[in-house]
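Hi,

Here is the structure I promised to pass on. My notes follow below it; have a look when you get a minute.

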Amino acid sequence: MGSGHHSTGGSFRRQLSLFFRNPKIDKSWEEYSAAYVKGMEQQSDSVLLAGMKKVADKYNGSYGGAMAALQAGEQLYAAGKYQDALKYLQKADIDEPVLA
C-alpha cells in the first residue's frame, strides 16, 4: 500500500463523514430511489417524471435532489419541453463535493 492509498482513504472518510452528518443527503437519496423504482415498476414515464420533479423540488441542493433534477430535465428535454427542462437542469448544479 502506497501513500496514495492512504490519502484516497482519508478523502473518502471525510466525504463519508459529510454524508452521515447531513441527514438531508440520506433522505434525498431514499426518496430519489423510491421514485425511480416506482416509475420503473409501473413502466411509466409520467410516473417517473412526477416522482423526479417532486424529489428535485423538495431536496433542491442535495445529491438526491440533483440526480432527480437531472433525470427530470433529461425527460422534459426529450419531450420538447425546453423551458421546463432548463429549470430542472439548473437545479442539478450542487456545491457539495460528490462522493467517489
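Helices are DSSP runs (H or I, at least four residues), numbered from the N terminus.

Before you go further: this is a predicted model, where local features need pLDDT of at least 70 and side-chain atom pairs count only at pLDDT 80 or more, while totals for chains, interfaces and linings use all residues. Residues are numbered from 1 along each chain as its sequence is written, and side-chain values use heavy atoms, with hydrogens and water left out.

Back to H3. Its buried residues are Leu-48, Leu-49, Gly-51, Met-52, Val-55 and Ala-56. They sit on the same side of H3, because they cover an arc of only 165° around the axis (taken from the directions from the helix axis to the C-beta atoms). On the face turned away from that buried side you'll find Ser-46 and Lys-54, both exposed. Buried means under 20% relative accessible area, exposed over 50%, and partly exposed in between (1.4 Å probe, protein chains only).

Now the rings. There are three aromatic pairs in the structure; rings of Phe, Tyr and Trp (its six-membered ring) pair if their centres lie within 6.5 Å, with planes under 30 degrees apart called stacked, over 60 edge-to-face and the rest tilted. Trp-29 and Tyr-32 make an edge-to-face pair, 5.6 Å centre to centre with 85° between the planes. Both lie in helix H2, three residues apart, or about one turn. Tyr-32 and Tyr-36 are stacked, since their ring centres are 6.3 Å apart and their planes at 25°. Ring pairs link Trp-29, Tyr-32 and Tyr-36 into a cluster. Within it, Tyr-32 is buried at 12% relative accessibility, whereas Trp-29 is partly exposed at 28% and Tyr-36 is partly exposed at 33%.

Last, the largest pocket: its volume is about 150 Å³. A pocket is an open set of points on a 1 Å grid over the protein atoms alone where a 1.4 Å probe fits, with protein on both sides within 12 Å along at least five of seven lines; lining residues have an atom within 4 Å of a point. The volume is the space filled by probe spheres set on the points. H2 (23–41) and H3 (45–58) each supply at least two lining residues, and H3 gives the largest share, five residues. Among the lining residues are Glu-31, Lys-38 and Lys-54.

Cheers
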